[in-house]
Amino acid sequence: MQYIMLPSSLVGFTNDYTKIVTTTAGTAALLVHGNLEVTEADRTCSYCGSKMHVHGTADASLRHVSVGFDPMIVQFEKVRHYCPNCAQTRMQEVPFQARGHRITGQLYNLVRDLLSWGLTLKVVSKITGLGKNTVKQIDLERLRDLYTIDGERLIKPERQARVLGIDEFLLHKGHKYATVIIDMETGHILWLAHGRKKACVYAFIEQVGMEWMAGEYNSWDVRYKWATSMPGSELLSISRKLWNE
Ligand SMILES: [Zn+2]
């Protein structure tokens, strides 16, 4: 078989052989086998700083960036170390593994890039050969990085909305409600949550804060605009109540 050599950017990994294998799904994959370098940090106990002993190995396989549509699997051994001083064992860290996934950092970044271009989960799954759930999980992490402070709390809208629109719609064949709040001037979605109007409006106001709600306008303006920007008196009464408190 003929080979080409390519730089891999897999830090510490040295390729010894590559072969074409058939996956359980019956498709071809490139199996890139090699060794992972054991560094001084790998051998040093993080608790006491003692030198650790080798205490067994474990096989590792990570999905890497595909060549065309054929998936690439990087395979190597990881070393488990044991500290004779504090009896701790530690598995060798893989510098090029994406945290929390059995894929390389390069593939992880590619998935995030494809998603940021607006490709659907299904298409990204097709291109990369990764399972839909993996792609979905990476998308969730991407969105959390973009729109939350600590993975949980949402970032406040940068721009203050002058006119807010609200609508509720049915999900799951009409068994559940969701509510959306948008900036009527820019069309940006500011809030999208399960539940009906009332609870969502409270949650939204809690998120952006009263200062954001009032902004450069006095509360009457805001109330008036809220009232006129949406049909239904329910919201009007909510905002009135809030500003009367
Ligand atoms: Zn130790």
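## Starting at Asn109

Asn109 sits in helix 2 (helices are DSSP runs of H or I with at least four residues, numbered from the N terminus). With 13 C-beta neighbours inside 10 Å, Asn109 counts as partly exposed; a residue is buried with 20 or more other C-beta atoms within 10 Å of its own, exposed with 12 or fewer, and partly exposed in between, with C-beta atoms placed from the backbone. Ala98 is 11 residues away from Asn109 in sequence, and their C-alpha atoms are 8.8 Å apart.

This is a predicted model, where local features need pLDDT of at least 70 and side-chain atom pairs count only at pLDDT 80 or more, while totals for chains, interfaces and linings use all residues. Residues are numbered from 1 along each chain as its sequence is written.

## Helix 2 meets helix 3

Look at Leu107, Leu110, Val111, Leu114 and Leu115 in helix 2: they meet Val124, Ile127 and Thr128 in helix 3 (contact means C-beta atoms, placed from the backbone, within 7 Å). The residues of this contact split into seven nonpolar, one polar and no charged.

## Helix 4 and its two sides

What do the buried residues of helix 4 pack against? They pack against helix 2 (105-116) and helix 3 (121-128). Buried in helix 4 are Thr134, Val135 and Ile138. They cover an arc of only 95 degrees around the axis, so they fall on the same side of helix 4 (the arc is that of the directions from the helix axis to the C-beta atoms). Over on the other side, Lys132, Asn133, Leu140, Leu143 and Tyr147 are exposed.

Terms used. Nonpolar A, V, L, I, M, F, W, Y, C, P; charged D, E, K, R; others polar.
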